[in-house]
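User: Could you take me through a protein model step by step? I am new to reading structures.

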Amino acid sequence: MINSIKSLKTANGFYYFAQGWQLVTRPSIRRFVILPLLANIILLGSAFWWLYSKLGGWIQTLLSYVPSWMQWLSYLIWPIAVISILLIFGYFFSTIANFIASPFNGWLAEKLEAELTGTPAPDTSFAVLIADIPRILAREVTKLCYYLIRVIPLLILFFIPGIAQTVAPILWFLFGAWMMAIQYCDYPFDNHKVKFDQMKLALAKNRTTSIQFGALVNLLTMIPIINLVIMPVAICGATAMWVDLYRLRHSSY
């Protein structure tokens with residue numbers, strides 16, 4: 001285990017996110033970090049470069065719909081609109097990047113868990129990993145369906161005056177934080193063939209820790225440069241959380 005009993009009493013989502021930054025630099029797992037990192041840099045980097053080139057025009061268009069007698073609200077609406085767009089855009093493209101890199105994300109989580117626990121990981125060769133891709137992608141589709149069913153009502157809130165500028169961004173951020181926790185914690189759970197519904201229930205029992213962890217991932221996904229490396233960091237942090245909080249109950253090896 002990577003924590004003492006004393007540290008486990010005070011560990012939270014922020015702690016595990018910080019652990020991710022430390023663990024990702026371990027020489028023994030660097031080669032497993034490369035592929036998730038490249039997928040994130042190529043996809044998320046290109047997507048955010050395009051977004052920042054369009055963002056100003058989109059905000060101006062959005063503000064043009066504000067009635068003249070409410071123009072004084074522009075100072076409030078502008079930052080909320082920017083944050084909302086970044087949150088939506090960041091999660092959307094992070095989801096695509098994770099979908100593409102999911103087999104290698106699980107591989108990274110597996111190798112890191114073995115190192116943290118001192119328990120040999122299953123002998124997963126590259127050929128075995130490739131053969132397991134259909135099952136892994138099916139799990140990603142399950143997560144995507146879970147997300148879409150819940151995100152549509154949230155998106156509708158952005159078209160309701162008043163709510164769109166106040167409640168909707170807060171609900172979107174909290175939901176995004178929860179989804180980030182599910183997205184990254186699912187890799188070590190899935191390595192042990194824990195069913196998706198069981199994984200959700202386990203995370204819900206530590207909901208505050210999960211939301212804290214996911215909120216930091218969500219926030220840093222919006223920040224240029226940092227968002228390019230956030231995927232392997234989040235995987236490492238989520239694996240540390242799995243080892244400390246869930247492994248004894250759910251481990252299959």
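Analyst: The conversation below goes from the overall fold to helix packing, salt bridges and a surface patch. Please keep in mind that this is a predicted model.

User: Which secondary structure does the protein chain have?

Analyst: The protein chain has ten helices and zero strands. Read along the sequence, the pattern is α-α-α-α-α-α-α-α-α-α.

User: And how much of the chain is buried?

Analyst: Of the 253 residues in the protein chain, 49% are buried. The chain exposes about 12,500 Å², and carbon and sulfur atoms supply 72% of that area.

User: How do H6 and H8 cross?

Analyst: The axes of H6 and H8 (residues 196-205) come within 11 Å and cross at roughly 55 degrees. The two helices are therefore oblique to each other. On the H6 side, the contact is made by Arg139, Thr142, Lys143 and Tyr146, while H8 contributes Phe196, Met199 and Lys200.

User: Switching topic: how many salt bridges are there in the whole structure?

Analyst: A search of the whole structure finds nine salt bridges. One of them joins Arg247 and Glu113, with the closest N and O atoms 3.0 Å apart. Arg247 is in helix H10 (residues 230-250) and Glu113 is in helix H4 (residues 74-117), so this pair links distant parts of the chain, 134 residues apart.

User: Are Arg247 and Glu113 buried or exposed?

Analyst: Both Arg247 and Glu113 are buried.

User: What does Arg139 pair with?

Analyst: The side chain of Arg139 meets that of Asp186 in a salt bridge, at 2.6 Å from N to O. Arg139 lies in helix H6 and Asp186 in helix H7, so the pair ties together parts that are 47 residues apart in sequence. Both residues are buried.

User: Which residues belong to the network there?

Analyst: Salt bridges that share partners join Asp132, Arg135, Arg139, Glu140, Lys143, Asp186 and Asp190 into one network.

User: Last topic. Which residues form the nonpolar patch on the surface?

Analyst: The patch consists of Ile152, Ile156, Ile160, Ile163, Val167 and Leu171, which together have about 460 Å² of accessible area. Helix H6 (133-157) and helix H7 (167-191) each supply at least two of its residues.

User: Where is Ile163, then?

Analyst: Ile163 is found in the loop between H6 and H7. Its relative accessible area is 31%, so Ile163 is partly exposed.

Notes. Residues numbered from 1 in each chain as written. Predicted model: local features only at pLDDT ≥ 70, side-chain atom pairs only at ≥ 80, totals over all residues. Heavy atoms only, no water. Patch = residues over 30% accessible without salt bridge, like charges linked within 9 Å, V, L, I, M, F, W, Y side chains within 5 Å. Areas by Shrake-Rupley, 256 points an atom, 1.4 Å probe, with all protein chains shown as cover. Salt bridge = Lys/Arg side-chain N within 4 Å of Asp/Glu carboxyl O. Helix = DSSP H or I, 4+ residues; strand = E, 2+ residues; numbered from the N terminus. Buried < 20%, exposed > 50% of the residue type's maximum accessible area, 1.4 Å probe, protein only. Axes fitted to C-alpha atoms, helices over the stretch in contact; angles between N-to-C directions. Parallel < 35°, antiparallel > 145°, perpendicular 65-115°, else oblique. Contact = heavy atoms within 4.5 Å.
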